[in-house]
Amino acid sequence: MASASAGAPMPTVAVAARRRLAQPVPVGALPPGSEGAPVIYSGKTPPKLPYPDIGHLAKWSVSSFKFGFGPECLTDDDPETFWHSSSSDGPQPHFITIEFPRKVSVQKLSIFLCYPLDDSYTPANIGIRAGTGQVDTQDLRIVSLERPDGWVTFDICMEPNEDGDGFKHIDVYVIQIYIMNNHMNGKDTHVRGVKVLGPLEEKLKEYEEPFPFETPPFKMYECIR
C-alpha cells in the first residue's frame, strides 16, 4: 500500500487553457468542448481512442482501501467493481499511485466515474501529479467535475505542443491521481476504472523510409549503382 505523500490541497483559480504551466490548471472551469476541457464518454465501456493503453506496464497502489475493493479494481476492465478508499486508514486526499519500471510518455488519462451509482463517493475535484519518483512529483493540473457519469478523459499536461494543435505529452516514471474532495463532502471515494494513454504513434507512409539518408555521405549510398 502506498504511503501518503499528498500535500495541502491546491487553490482552484481559473487560468487560460493555453497558458504555459506555472500552476496546476483547474480544467473544470473551462467550457465543455474547449481546448483542455475534459471529455466525458458515456457508457461503461472504455472509449475507443487511437492512443495506446500503457497502464498494464505499471505497478498500481492506493493510499488506502477496504477489503475486496483494492487497486486491482482500477484495471480489471469490470465497470461493476471499484476502488473503495478507507478514511479510517487515512484522511483525504485519497490517492492512486501508478509507477512504471522505466520512463514512459503519457498523453492522457481516462477515469471511469459514476455519480448515479456512487453518489457522495464520487470525486468532485481530482489533482494530477507526476515525476521521477514519489518524493519529487509535481502538480500538473486539477479537474473539477459535476456529477460525472462515464469515462472522464483529458490531457495530462496543458502546455501546447510545438505544432499548436494539441498539448504535449510528458515523460515520467510516476503518476499520482489524488481525490481532493467528493460530491456532498463524502469522506471516502469510489473510482471504477483508470486508463493511462500514451501519445499517438507516428506511422510511416508507404514511400517513407524508416531510416532516411539525410547527410551527404549517406546519400552517396542511397541507391544501388
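I started with aspartate 119, which I found in the loop between α1 and β7. The model is a predicted one, and in it aspartate 119 has a positive phi of about 55° although it is not a glycine. With a relative accessible area of 37%, aspartate 119 is partly exposed.

I then turned to methionine 184, where phi is near 55°, again a positive value in a residue other than glycine. Methionine 184 has its place in the loop between β10 and β11, and I recorded it as exposed because its relative accessible area is 53%, where the cut-off for exposed is over 50%.

Next I looked up the overall layout. The secondary structure of the chain comes to 2 helices and 12 strands, and reading along the sequence I wrote the pattern down as β-β-β-β-β-β-α-β-β-β-β-β-β-α. Of the 225 residues in the chain, 45% are buried. I also checked the contacts with a separation of 6 or more, and 75% of them are accounted for by residues 24 or more positions apart. The chain exposes about 12,700 Å², and carbon and sulfur atoms supply 54% of that area.

Which residues have the most contacts inside the largest nonpolar core? I found a core of 32 residues, in which Ile96, Ile175 and Ile177 hold that place. At least two residues of this core come from each of β3 (59-62), β5 (94-106), β6 (108-114), β7 (123-131), β8 (138-144), β9 (149-155), β10 (170-182) and β12 (193-197).

I searched the whole structure for salt bridges and the search gave 7. In one of them lysine 44 pairs with glutamate 80, with the closest N and O atoms 2.6 Å apart. This pair links distant parts of the chain, since lysine 44 is in the loop between β2 (39-41) and β3 while glutamate 80 is in the loop between β3 and β4 (83-84), 36 residues apart. Lysine 44 counts as partly exposed at 43% relative accessibility, and glutamate 80 is partly exposed with a relative accessible area of 45%.

Lysine 108 lies in strand β6 and aspartate 155 in strand β9, so the pair ties together parts that are 47 residues apart in sequence.

I also wrote down the salt bridge between aspartate 118 and arginine 192, whose closest N and O atoms are 2.8 Å apart. Aspartate 118 is in helix α1 (residues 115-118) and arginine 192 in the loop between β11 (190-191) and β12, so this pair ties together parts 74 residues apart in sequence. Both aspartate 118 and arginine 192 are buried. Elsewhere, salt bridges that share partners join Asp53, Asp77 and Lys195 into one network.

I went on to proline 79, which lies in the loop between β3 and β4 and touches Lys44, Phe112 and Arg192, not counting residues up to four places away in sequence. The C-alpha atoms of proline 79 and glycine 193 are separated by 7.0 Å, although the two residues are 114 residues apart along the chain.

Last, I looked at the rings, where a search of the whole structure finds 2 aromatic pairs. Phenylalanine 69 and phenylalanine 82 are stacked, at 5.1 Å centre to centre with 25° between the planes. Phenylalanine 69 counts as partly exposed at 31% relative accessibility, whereas phenylalanine 82 counts as buried at 13%. Phenylalanine 112 and tryptophan 151 are stacked as well, at 5.2 Å centre to centre with 15° between the planes. Phenylalanine 112 lies in strand β6 and tryptophan 151 in strand β9, so the pair ties together parts that are 39 residues apart in sequence.

Conventions:
Residues are numbered from 1 along each chain as its sequence is written. This is a predicted model: local features need pLDDT of at least 70, side-chain atom pairs count only at pLDDT 80 or more; totals for chains, interfaces and linings use all residues. Side-chain values use heavy atoms; hydrogens and water are left out. Helices (H or I, at least four residues) and strands (E, at least two) are DSSP runs, numbered from the N terminus. Buried means under 20% relative accessible area, exposed over 50%, partly exposed in between (1.4 Å probe, protein chains only). Contact means heavy atoms within 4.5 Å. Accessible areas come from the Shrake-Rupley method with a 1.4 Å probe; for residues, only the protein chains shown count as cover. A nonpolar core is a set of buried Ala, Val, Leu, Ile, Met, Phe, Trp, Tyr and Cys residues joined through side-chain atoms within 4.5 Å. A salt bridge is a side-chain nitrogen of Lys or Arg within 4 Å of a carboxyl oxygen of Asp or Glu. Rings of Phe, Tyr and Trp (its six-membered ring) pair if their centres lie within 6.5 Å; planes under 30 degrees apart count as stacked, over 60 as edge-to-face and the rest as tilted.
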